[in-house]
Amino acid sequence: MIEVKHSHWVPPDFSLLQIFTDRKLVQNYPLLRLRTVQLKVFPKSVRIRIRARKFMKWKKAYYKLKKDNQSSEESKTAVRRIMTENGMKNTSEYLSGLIRYFSSFFSFPVSVRTDMSEKMQQHKKYMWAKALMEERLSDLIIEGVPNPWSLIITLVVISETVADVQEIVSCMSRSICLTEEILEMLYCCASILLVMKFLKRSAVWNGMHYRLFYALYLFENSSVAHYGDLKAVTKGGTGKTTTLVRYTQMRPSMKFLLVVYNRSVCDFAKTKFPKNVECQTGHSLAFKSVGRKFKDAKKLRELSVFAITQLLPSRKGDNLFIRAKLVQDTLKVFFSSADRTISLDHTPTQRMNDNGLRVYIEVDKRQGYVKDAEFLWEKMKDLRNPNVPMTHDGYLKLYQLYRPRLSNYDCILIDEAQDLTPAISDLLLSQPQAKILVGDPHQQIYSFRGAVNALQQIRASFIFYLTQSFRFGPEIAQVAAYCIEELKHEKKTLVGNGNSGCVYGETSGQIAVLCRCNFTVFSEAVKKCCYAGETNIRVAFVGLAKKDLPSGKGKKCDMYKSWKQNTL
């Protein structure tokens, strides 16, 4: 990556020039600094794109206007045409026309407009801007919600300080809009304000222009370059961990948060990453500020079906255990979701009848499960009620609902992004920092727990693909590539390392047995050591957390000791 400082621009590391093949990478740089660099340091394909007419059109137009010479006449004419066509003919109409013009600047779907509206509500002057639009531009408000793009320009108009405009940029950056889309809109606004300044210099829009220019300058010249979010779509063994380790090592002044899925991966990551990286799971993040309170109140334990039967009020005509199980399922779905309240969408739609057949559940019964789940959720959150436990997924959900700000970090690294639950995804992707998501969509193994592929959800500024696996040679890579191309319609071709392998079933060296849960791990070990008819068999367990090893306590340790006594 290139980092842009205030004092001078450092040429890029030539070993990293291949990452510039995506034109978006240079869209965030100050244009004046790009012009001071000889473009020959970039690959030819990038030079062509930088010079293309449509590349950052408004950013280029703005800096041409700043020169205020012969070369800027074309841009001035284009801006004046926009002003004339959008009711900005007289100075008294300039600002209202400006706000109206941006109401149709983007043709994004409703989901993007809704997301931007929600993010802009976090601005401290949102209510002022909304009140002004209700008074002067009521046609730009639909069902009580202002047009988000017009609202942004209204906020620019009423901003009193550069910090106010910086807050606008910050709110926009938290949305799902890409960084270049945000910059193009703000540079278009700055261009129109600059032409207004040329037409009448002693007017209020002079200050508006200066504050917007200053905020854009600070945004683009930040000491931590604002590159937006990045996705690395990987395959098994392609070196994603090594890549992240090296990335963080090269930035010792930055503070990173690495979020992994489970504790064993977290313990492993702590041995690999440098000291400027804090490794956490979603649950450990939540435990520090929320979960610990429930542990101190002796409420932190699992909520079993039997416990639920003891807590629910009786209801005529219901099998209490079936009802308790369906309420438990409702809570689990709610805990993994990004939703703020329990609804009918979280309830099961089918159940097994007495004959073992799946039957649909009536809507009125599902509504009853919603009420039961709401009743239990309130009891779970009550620290003064020790009889109703709080589960680990429960306090994680509570943490997500608090909408915390992880402000101690410069960048968030999200490992195995294909296995995030919507709750954790909402928690992390709503943070204002740049985020790097890595994962393999073909290795999603936690969908049964409500996990979703966050790699598909986020609109990242940059996408990179790691397609060479170092775990196997070309023979296995060929079979794997065929499988994911035919079965999952993968477009990127997987390749292996240079070592030859075999796919015809020969046994050579160590044998790996992959299992979903710890119980199966120990069962397979017992089968191999006790019933395989072979002697001098040695086994090793890979991937268990420290708490699962012989020095730990609990059922897993007991299973290990029992196996050890019977096999030595």
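I started with the surface: the protein's accessible area comes to about 30700 Å², and 53% of that belongs to carbon and sulfur atoms (Shrake-Rupley method, 1.4 Å probe).

A note to keep in view: this is a predicted model, where local features need pLDDT of at least 70, side-chain atom pairs count only at pLDDT 80 or more, and totals for chains, interfaces and linings use all residues. Residues are numbered from 1 along each chain as its sequence is written, and side-chain values use heavy atoms, with hydrogens and water left out.

Next I looked up the overall build. I found 23 helices and 10 strands (DSSP runs: H or I of at least four residues for helices, E of at least two for strands). Of the 568 residues, 46% are buried (under 20% relative accessible area; exposed is over 50%, partly exposed in between).

Then I turned to salt bridges (a side-chain nitrogen of Lys or Arg within 4 Å of a carboxyl oxygen of Asp or Glu). The count is 17.

I checked K125 and D164 first. Their closest N and O atoms are 2.9 Å apart. K125 sits in the loop between α6 and α7, while D164 belongs to helix α9, 39 residues apart. Both residues are buried.

My next pair was E73 and K76, which meet at 3.8 Å, N to O. Both lie in helix α4, about one turn apart. E73 is partly exposed at 32%, whereas K76 counts as buried at 8%.

Conventions: Buried < 20%, exposed > 50% of the residue type's maximum accessible area, 1.4 Å probe, protein only.
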